[in-house]
Amino acid sequence: MIEVRNLVKSYHSKKGIVVGVDHVSLKIAKGEIFGIIGYSGAGKSSLLRCLNLLEKPTSGEVYIDQVELTSLNKSELRKARLKIGMIFQHFYLVSSKTVFENVAFALKAARKSKTEITDRVLWLLEIVGLADKKDAFPSQLSGGQKQRVAIARALANEPNVLLCDEATSALDPTTTKAILKLLKKINEDLGLTIVLITHEMEVVKEICDKVAVMQSGRVIEEGTVYEVFANPKEDLTKEFINTILHFGLPDRLIANKKGKIVKIVFKGEVAEESIVSDMLQTFKIRGNILHGKIEYIKEVPLGIFIMEVIGESIEIERALSFIKQRVEVLEVFDDAA
Ligand SMILES: Nc1ncnc2c1ncn2[C@@H]1O[C@H](COP(=O)(O)OP(=O)(O)OP(=O)(O)O)[C@@H](O)[C@H]1O
């Protein structure tokens, strides 16, 4: 339902031309929550803003529901944009207007009747859990409540797509969780496609179905969140995953290792089986678990273990091939973790 083909966005700056987005192609299915992760300057905002043409792409195409946005005239684009909601890190509420008026404003622009507006605003405030704050002003709200108002406003015109620009980056971890839960609920209840950009892997793990990793304007890795967590290919992706799985080993352990250090990833139900203990009983080896964790990504278990396997080389080889037949990812570290 969203497709980006060969998108380029470059800027003219004093230092010359800066390429924000460098030939990106992506497909995002209807009803999906799609995360785009990257460090500052990777091109996430530029890409997101090209999806509703807040930024005009330098070249390439943007399709939303088969409509190519860059080919629309001004009034067609205005109409198309009503179906693409957007929320931001800093909320951008109008401080002189109440919560009700902030949400109603978006509907007034779409020329709805007064009763229609009242009914819809009250319904939206109910959805975001702020019915009791309708007469409050933004200054009287917490950050999480402000973002809820912004979400209600973004949903005012029944969009099919919601773009989230670092929507939880200004919030504390508990409020972040609550806002992500609300986004998930909206995604499920209203069938909304959500594209979010973030620099936090936790946000991706919490609600995204798919993720694209950006670096220097390019998408360097892409896939389902589960697969990317289970088997990251690029160093940057591994770095992001490490921020929540913390699998770095102390240098001291690596320097003093007696056997082989291996990383074993168990996917799905395999994570709950006793493969490691079977291996230890079957072969003449000893194993020290250095790190072990079972993560649940959308309730599907993903087990990641790092262990030192000690014994005769031939026995270690046999043990590892035993494991290899039962799991999809087995990495052997010789000198580094
Ligand atoms: N209006 C602009 N003029 C000049 N260069 C820009 C402009 N907007 C973005 N850039 C440059 O494009 C590149 C990508 O920026 P972008 O803001 O899209 O990255 P980002 O991943 O969203 O980072 P951040 O999270 O810091 O916003 C950067 O090198 C940035 O300096």
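What you see is a predicted model, in which local features need pLDDT of at least 70 and side-chain atom pairs count only at pLDDT 80 or more, while totals for chains, interfaces and linings use all residues. Residues are numbered from 1 along each chain as its sequence is written.

The strands around that pair are E3, residues 33–37, and E8, residues 193–198, which are joined in the parallel sense by five bridges. When I say strand or helix, I refer to DSSP runs numbered from the N terminus, with at least two residues (E) for a strand and at least four (H or I) for a helix, and when I say that two strands pair, DSSP finds at least two bridges between them. Both strands belong to an open sheet of six, whose order is E6-E7-E8-E3-E9-E10 and whose pairing is mixed. Strand E6 (84–88) and strand E10 (218–224) are at the edges with a single partner strand each, so one side of each has no neighbour in the sheet. From one strand to the next, the twist averages 15°; angles here run from 0 to 180 degrees between N-to-C directions, and axes are lines fitted to C-alpha atoms, for helices over the stretch in contact. Helix H9, residues 235–245, packs on this sheet and touches E3, strand E9 (210–215) and E10, with its direction at about 120° to that of E9. Contact means that the C-beta atoms of two residues, placed from the backbone, lie within 7 Å.

**The ligand and its surroundings**

Which residues are around the ligand? They are Tyr11, Ser13, Val18, Gly20, Gly38, Ser40, Gly41, Ala42, Gly43, Lys44, Ser45 and Ser46, where a residue counts as near if its C-beta atom, placed from the backbone, lies within 6 Å. Strand E1 (2–13), strand E2 (16–28) and helix H1 (44–51) are the elements that give two or more residues to this shell, and the largest share, three residues, comes from H1. By class, the shell has three nonpolar, eight polar and one charged residues; here Ala, Val, Leu, Ile, Met, Phe, Trp, Tyr, Cys and Pro count as nonpolar, Asp, Glu, Lys and Arg as charged, and the others, Gly among them, as polar.

If we leave aside neighbours within four places in sequence, Tyr11 is in contact with Val18 and Gly20. Helix H1 has eight of its eight residues buried, so this helix is largely enclosed by the rest of the structure. After H1 comes Leu53, with a positive phi near 60°.

The protein is divided into domain 1 (2–233) and domain 2 (246–333), with bounds that come from an automatic or database domain assignment. Their C-alpha centres lie 40 Å apart, and six residues of domain 1 are in contact with six residues of domain 2. On the side of domain 1 that touches domain 2, helix H8 (residues 225–230) gives the most, with four residues.

A further open sheet has four strands in the order E12-E13-E11-E14, with antiparallel pairing. Its edges are strand E12 (285–297) and strand E14 (329–333), each with a single partner strand, so one side of each is left without a neighbour in the sheet. Strand E11 (residues 260–267) is joined to strand E13 (residues 300–311) by eight bridges, and Ile264 stands opposite Phe305 in E13.

**The whole protein**

To finish with the overall picture, the secondary structure comes to twelve helices and 14 strands, and the C-alpha atoms fill a box of roughly 80 × 50 × 35 Å along the principal axes. Of the 337 residues, 34% are buried.

Methods. Buried ≥ 20, exposed ≤ 12 C-beta atoms within 10 Å, placed from the backbone.
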